[in-house]
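Opening the notebook on a new model today.

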Amino acid sequence: MYYYENAAAVDGHNFRAIYKMARFEMDMGNYETSIRLWEKVIDVLNIKKDLISLQPVECAYLFKAYQKKGVIYSKLEDYTRAIDDFKK
């Protein structure tokens with residue numbers, strides 16, 4: 001985690017490092033922190049979403065971020081938000 005946190009601090013657009021941190025927090029049960037990190041991944045990749053430079057691997061990370069965020073909301077029994085994220 002130390003290296004991922006440093007990578008994200010140096011480059012705020014390093015969605016891979018932020019993704020790894022979000023997964024770790026999710027696995028540890030820190031759902032609020034994980035949701036915040038998933039939203040960062042989504043924010044970084046949404047900037048590129050409408051550009052022709054969006055790569056397939058970036059699309060996969062965007063999909064996973066919405067999916068994982070939806071899973072957390074379903075665990076928290078916030079089904080409206082979970083469905084919204086699953087739809088995206």
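Predicted model: local features only at pLDDT ≥ 70, side-chain atom pairs only at ≥ 80, totals over all residues.

Ground rule for this page: I call it a salt bridge when a side-chain nitrogen of Lys or Arg comes within 4 Å of a carboxyl oxygen of Asp or Glu.

**Entry 1, salt bridges.** I looked up lysine 69 and aspartate 85, and they form a salt bridge, with the closest N and O atoms 3.6 Å apart. This pair links distant parts of the chain, since lysine 69 sits in helix α4 and aspartate 85 in helix α5, 16 residues apart. Is aspartate 85 buried or exposed? I get a relative accessible area of 4% for aspartate 85, so it goes down as buried. Lysine 69 is buried too, at 10%, and my cut-off for that word is under 20%.

Which residue does lysine 69 also bridge to in helix α3? I found glutamate 39, again with the closest N and O atoms 3.6 Å apart. Helix α3 covers residues 31–49, and with lysine 69 in α4 the pair ties together parts that are 30 residues apart in sequence. Glutamate 39 is partly exposed, with a relative accessible area of 32%.

How many salt bridges does the structure hold? My tally is 3. Beside the two pairs above, I have aspartate 78 and arginine 81, whose side chains meet at 3.7 Å, N to O. Both ends count as partly exposed: aspartate 78 at 25% relative accessibility, arginine 81 at 46%. Then I checked for shared partners, and salt bridges join Glu39, Lys69 and Asp85 into one network.

I flagged glutamate 77, which has a positive phi of about 60° although it is not a glycine. I flag such cases because most residues other than glycine have a negative phi. Where is glutamate 77 found? I place it in the loop between α4 (56–75) and α5 (79–87). Glutamate 77 is exposed, with a relative accessible area of 58%.

I count 5 helices and 0 strands, and reading along the sequence gives me α-α-α-α-α. The radius of gyration is 13 Å, close to the 12 Å that the globule rule gives for 88 residues, so I can call the protein as compact as a globular protein of that length. Along the principal axes, I have the C-alpha trace spanning about 35 × 30 × 15 Å.

What share of the 88 residues counts as buried? I wrote down 34%. For contacts between residues at least 6 apart in sequence, I find that 41% join residues at least 24 apart.

**Page summary.** I am keeping two items to revisit on screen. One is the network of Glu39, Lys69 and Asp85. The other is glutamate 77 with its positive phi.

Terms used:
Residues numbered from 1 in each chain as written. Heavy atoms only, no water. Helix = DSSP H or I, 4+ residues; strand = E, 2+ residues; numbered from the N terminus. Buried < 20%, exposed > 50% of the residue type's maximum accessible area, 1.4 Å probe, protein only. Rg over C-alpha atoms; globule rule 2.2 N^0.38 Å. Contact = heavy atoms within 4.5 Å.
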